Amino acid sequence: MPRKRKLLAQLSALKNNSSIPPFDALENVNATPDGGSSPKSSKYFATENKKSSQLEADFFNQPCISLAKSFLGQILVRKLPDGRELWGRIVETEAYLGGEDEASHSKGGKQTQRNAAMFMKPGTLYVYQIYGIYFCVNVSSQGEGAAVLLRSLEPLQGLDAMRELRSASRKGPPKVLKDWQLCNGPSKLCQAFGIDKTFDQRDLTQDAAIWMVPGHDLPGEQDVVATKRIGIGNRGEWTQKPLRFYLRGNKFVSVVDRKTEREMAAMGHFSCS
């Protein structure tokens, strides 16, 4: 029976039958004449390829400090070329506000080939290299030249692959890394997730190799420590501004600021443990 007549017969049978249609009948509607499956099949029958739970553009489209806090508890996902997925919960971030922020790569509103991603739409990755060896990954936010540095992750899935990637990038004899050592720092995070300069200017809402999904049990204000950023040198008043945020009590944070935690406890932000 010609394909068109066969389909019409199937659809007629479905119309006259109130039971649930066999799956292969729907599958055949999207088949190509040679029996294959078309990636551009009808929107009414095609399987949705988009990751339904991933964070969308609206999430990233918020002011830098707000985004840096909102990242805490969310999950970064990296799909390796071999198909394995790495999952890590974001537990530490830093906000770089651009413009007047003396510690920002975009201070004074200066745009270069290196920092171009900081001026792109919110959710764009900005990856830069330090010491000519290591990489750090940031995500652009609202605000001209503003971006959030991802400092530390709590590994959730794919820990063996993270160890492989960390070992491949380390010098000297191999060393078995503990779970908390895999992603507790911006460069370690990039090593463990296989993030390099090729990820610069990628869109977290569109890329097939890296994206974010919502976390569970997101922290409240009482769970977040706000303190000064790390390793920015002498940048005047900006050196002391509380633009680093981390989850209090999380062992995967790179540097714990006990002094700030005690001060916040004294002010009633949370109980001192």
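This is a predicted model: local features need pLDDT of at least 70, side-chain atom pairs count only at pLDDT 80 or more; totals for chains, interfaces and linings use all residues.
1. Residues are numbered from 1 along each chain as its sequence is written, and side-chain values use heavy atoms, with hydrogens and water left out.

2. Start with the overall layout. The chain has 7 helices and 8 strands; these are DSSP runs numbered from the N terminus, with helices being H or I of at least four residues and strands being E of at least two. Of the 273 residues, 42% are buried, where buried means under 20% relative accessible area, exposed over 50%, and partly exposed in between (1.4 Å probe, protein chains only).

3. Now for contacts and surface. Taking contacts (heavy atoms within 4.5 Å) between residues at least 6 apart in sequence, 62% join residues at least 24 apart. The chain exposes about 15200 Å², and carbon and sulfur atoms supply 52% of that; the areas come from the Shrake-Rupley method with a 1.4 Å probe, and for residues only the protein chains shown count as cover.

4. Salt bridges deserve a look. Side chains of opposite charge can pair when their charged atoms come close. The structure holds 16 salt bridges, each being a side-chain nitrogen of Lys or Arg within 4 Å of a carboxyl oxygen of Asp or Glu. Glu92, Glu94, Arg151 and Arg244 are linked in a network of them.

5. Let's zoom in on Glu92, which is buried at 0% relative accessibility. Arg151 pairs with Glu92, their closest N and O atoms being 2.9 Å apart. Arg151 lies in strand β5 (residues 147-157) and Glu92 in strand β2 (residues 85-96), so this pair ties together parts that are 59 residues apart in sequence. Arg151 is buried too, with a relative accessible area of 7%.

6. Arg244 also forms a salt bridge with Glu92, at 2.7 Å from N to O. Because Arg244 sits in strand β8 and Glu92 in strand β2, the parts tied together here are 152 residues apart in sequence. Arg244 has a relative accessible area of 2%, so Arg244 counts as buried.

7. What about the loops? Arg229 makes a salt bridge with Asp101, with the closest N and O atoms 2.8 Å apart. Arg229 belongs to the loop between β7 and β8, and Asp101 to the loop between β2 and β3 (125-130), so the pair joins parts that are 128 residues apart in sequence. Both are buried: Arg229 at 4% relative accessible area and Asp101 at 0%.

8. Thr239 is in the loop between β7 (224-227) and β8 (244-247). Is Thr239 buried or exposed? Thr239 counts as buried, because its relative accessibility is 16%. The Thr239 side chain reaches the backbone nitrogen of Arg235 at 2.6 Å. Leaving out residues up to four places away in sequence, Thr239 touches Lys228, Arg229, Ile232, Gly233 and Asn234.

9. Last, the largest pocket, with a volume of about 560 Å³. Of its 24 lining residues, the closest to the centre are Tyr96, Tyr128, Ile130, Ile230 and Gly231. β2, β3, β4 (134-140), β5 and α6 (186-193) each supply at least two residues of the lining. On a 1 Å grid over the protein atoms alone, a pocket is an open set of points where a 1.4 Å probe fits, with protein on both sides within 12 Å along at least five of seven lines; lining residues have an atom within 4 Å of a point. Grid points are joined across faces, edges and corners, and the volume is the space filled by probe spheres set on the points.

Technical notes. A polar contact is a pair of N or O atoms within 3.5 Å; within protein, one must be able to donate a hydrogen and the other to accept it, and residues adjacent in sequence count only if both atoms are side-chain atoms.
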